[in-house]
Amino acid sequence: MLTASSGRAFEKPASHNSENKMDSEKSVGRNPHPAFDKVQASRPDWHSEATWSFTKTKKPDWKLGDGANDGGQSITKQHIQIDPYEAGRPAVFNYKLLISAIVPRPIGFVSTISADGKSTNLAPFSYTQVINHDPPLFTIGFSGGFSNAKDTLANLSATRECTINVVSEHFLEAANATSINAPHGVSEWALSGLTPAKCTNVKCSRVKEAVFSVEGILMSTQEFESRVTPGKKTGVLAIVEGTKFWVREDALNEERNNVDPAVLRPISRLGGIMYGRTIEGCEIPRPDYQEKVNRGEADNLIRERIEGQ
């Protein structure tokens, strides 16, 4: 069941219990390492010398109809079908499966301020995406319903304002620290050591260290209900309109329409407690259908459907 609102009155939960947040984290079991410090110590140092670079694609001579570039190896593998609602399957299994499979995910590093202006919040969300450019629209997904909303959703619903900041390598640890289960009223800004910067259209701060930030206004929300436990609210989708962009000058081109990945060096979310770096890319032009046809590159490939469909 879905419920939607474009101007939802929001009643803040009476309790913001940090212990409940930690209990929830323990039940998810996101960290697979009982002694993470030992695991960390056994790994190579961060490759600081790694710089952004381009490579060719794996198969530069790929032609229409060639299929996968692995020589057919992938189609020899078998797949397992999973019913997300099968008897005995905990909902958290779907969560862990999805965050490990839908990767890499951009991290929306969201800053908000309470309606009374007394407390500020900063938290990372990997259920974040840009979905439109005119107007600029972004989605943020929150776990749990309005009745047990954490500070970011509570603040966003009350003030309808936020900033969305892109996480880069140079403040990865600080960004991760803001996911701490601090009690209501304790600002993650202080715990992370990050620097607030003033905005134009919203009262909450943007992250000064961020190469790219967006000032946002809440357009609408949609609350989701569990398929397994009727009546239980399991998530909220927020759609935010960007009203101002902030881009570090050394990352921006002259036309002010492109951000340099070598400067941005974005960090993405993978499964579990893993993050990903983006330090290598390749380019492939989008093919033109008529051009391919005229060159004969689509011969014997033009049909409405293929065998097996």
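Guide: The model is a predicted one, with an average pLDDT of 92 for the protein. Of the residues, 92% score at least 70. The stretch 6–19 has pLDDT below 50, although in the model it has 26 contacts beyond near neighbours in sequence. Where pLDDT is low, predicted coordinates should not be read in detail.

The buried residues are Asp151, Thr152, Leu153, Ala154, Asn155, Leu156 and Ser157. Directly after H4 comes Arg160, which has a positive phi, near 65°.

Which strands contribute to the cover over the buried residues of H4? Among them are strand E4 (108–113), strand E5 (120–125), strand E7 (136–143) and strand E8 (161–166). Strands E11 and E12 also belong to this cover.

E11 and E12 lead on to the aromatic contacts. The structure contains four aromatic pairs. One of these is formed by Phe212 and Phe245, with a tilted arrangement: the centres are 5.9 Å apart and the planes make an angle of 35°. Because Phe212 belongs to strand E11 (residues 212–225) and Phe245 to strand E12 (residues 233–247), the pair ties together parts that are 33 residues apart in sequence. Phe245 is partly exposed, its relative accessible area being 47%. A ring with a charge over it is that of Trp246: the charged end of Arg206 sits over this ring, 3.6 Å from its centre.

A charge over a ring is found again at Tyr275, where Arg269 lies over the face at 4.4 Å from the ring centre. Arg269 also has Tyr275 as its bridge partner in E14. Strand E13 (residues 267–269) and E14 run antiparallel and are joined by three bridges. These strands belong to an open sheet of three strands, in the order E3-E13-E14, with antiparallel pairing. At its edges are strand E3 (105–106) and strand E14 (275–277), each of which pairs on one side only.

Charged contacts between side chains complete the picture. How many salt bridges does a search of the whole structure find? The search finds nine. One of them joins Asp61 to Lys59, at 3.4 Å from N to O, and Lys59 is partly exposed with a relative accessible area of 32%. Another links Lys63 and Asp66, whose closest N and O atoms are 3.7 Å apart; Asp66 counts as partly exposed, at 32% relative accessibility.

A network of salt bridges links Glu291, Lys292, Arg295 and Glu297. Within it, Glu291 and Arg295 form a salt bridge with 3.6 Å between the closest N and O atoms. Glu291 counts as partly exposed at 37% relative accessibility, whereas Arg295 counts as exposed at 56%.

Notes: Residues are numbered from 1 along each chain as its sequence is written. This is a predicted model: local features need pLDDT of at least 70, side-chain atom pairs count only at pLDDT 80 or more; totals for chains, interfaces and linings use all residues. Side-chain values use heavy atoms; hydrogens and water are left out. Rings of Phe, Tyr and Trp (its six-membered ring) pair if their centres lie within 6.5 Å; planes under 30 degrees apart count as stacked, over 60 as edge-to-face and the rest as tilted. Helices (H or I, at least four residues) and strands (E, at least two) are DSSP runs, numbered from the N terminus. Buried means under 20% relative accessible area, exposed over 50%, partly exposed in between (1.4 Å probe, protein chains only). A charge sits over a ring if NZ of Lys or CZ of Arg is within 6 Å of the ring centre and within 35 degrees of the ring normal. Two strands pair if DSSP finds at least two bridges between them. pLDDT is the predictor's confidence in each residue, from 0 to 100. Contact means heavy atoms within 4.5 Å. A salt bridge is a side-chain nitrogen of Lys or Arg within 4 Å of a carboxyl oxygen of Asp or Glu.
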